Amino acid sequence: MNFTKKVMNMDITTSLLGDISHLIDRAKNHLATQFNSTLVLLNWEIGFRIDQGILKHKRADYGKRIIFQLAKELQIKYGRGFDRASLFRMVQFSKFFPDQEIVATLSQQLSWSHFIEIIAISDDLKRSYYLEMCRIERWSVRTLRSKIDTMLYERTALAKK
């Protein structure tokens, strides 16, 4: 094989490698987005179900015992992501975001880890601010934590005064 054919084969191989790499990366990103979206919706549904089935019926002490037992059983069956604290976080999530359609839309853009950070914020306006900033600017969870830790919301509010 002469030098020109070798160079042409290398160019074709490099181009093909780039194209196939792009396809694989795109598929992996799509899978990750679908996985995160499914996880967020699952956690919302679990929280909603617990809230509607147990906690809304004014059975707080009974509800806490049920959740404790439920967490033990779920951990045995599905692992550590279903401990008592996680279940209460799921309930809190479903209360802060009562509209499943909004959750479905946001879950395409934000991960469960984003929502964990956001629902830990007690102030409604502050929580909404960070939610919108995450969505619009596509912040990573690390960036979100950093913005919360450096009090971006408070600094922005002061700057507007």
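Predicted model: local features only at pLDDT ≥ 70, side-chain atom pairs only at ≥ 80, totals over all residues.
**Salt bridges**

A search of the whole structure finds five salt bridges, and three of them are set out in the table below, each with the gap between nitrogen and oxygen.

| Pair | N to O distance |
|---|---|
| Asp 51 and Lys 95 | 3.7 Å |
| Arg 145 and Glu 117 | 2.9 Å |
| Arg 127 and Asp 124 | 2.2 Å |

In the salt bridge between the side chains of Asp 51 and Lys 95, Asp 51 belongs to helix α1 (residues 3–53) and Lys 95 to helix α3 (residues 84–96), so the pair ties together parts that are 44 residues apart in sequence. Asp 51 has a relative accessibility of 4% and therefore counts as buried, because buried means under 20%.

The side chains of Arg 145 and Glu 117 also meet in a salt bridge, and this pair links distant parts of the chain, with Arg 145 in helix α7 (residues 141–149) and Glu 117 in helix α5 (residues 112–119), 28 residues apart. Arg 145, at 39% relative accessibility, counts as partly exposed, and Glu 117, at 21%, counts as partly exposed as well.

The salt bridge between Arg 127 and Asp 124 lies within helix α6 (residues 124–137), where the two residues are three apart and so are separated by about one helical turn. Arg 127 counts as buried, with a relative accessibility of 7%.

When its neighbours within four places in sequence are left aside, His 114 is in contact with Cys 134, Trp 139, Ser 140, Val 141 and Leu 144.

In soluble globular proteins, nonpolar side chains tend to be buried together. The largest nonpolar core of this model has 31 residues, and those with the most contacts inside it are Leu 87, Phe 93, Phe 97, Phe 115 and Tyr 130. The elements that give two or more residues to this core are α1, α2 (60–78), α3, α4 (100–106), α5, α6 and α7, and α6 gives the most, with five residues.

Phe 97, one of the core residues with the most contacts, touches Trp 44, Val 103, Leu 106, Phe 115, Ile 118, Ile 119 and Leu 131, not counting residues up to four places away in sequence. Phe 115, which is among these partners of Phe 97, is itself listed with the residues that have the most contacts inside the core.

Conventions
Residues numbered from 1 in each chain as written. Heavy atoms only, no water. Salt bridge = Lys/Arg side-chain N within 4 Å of Asp/Glu carboxyl O. Helix = DSSP H or I, 4+ residues; strand = E, 2+ residues; numbered from the N terminus. Buried < 20%, exposed > 50% of the residue type's maximum accessible area, 1.4 Å probe, protein only. Contact = heavy atoms within 4.5 Å. Core = buried A, V, L, I, M, F, W, Y, C linked by side-chain atoms within 4.5 Å.
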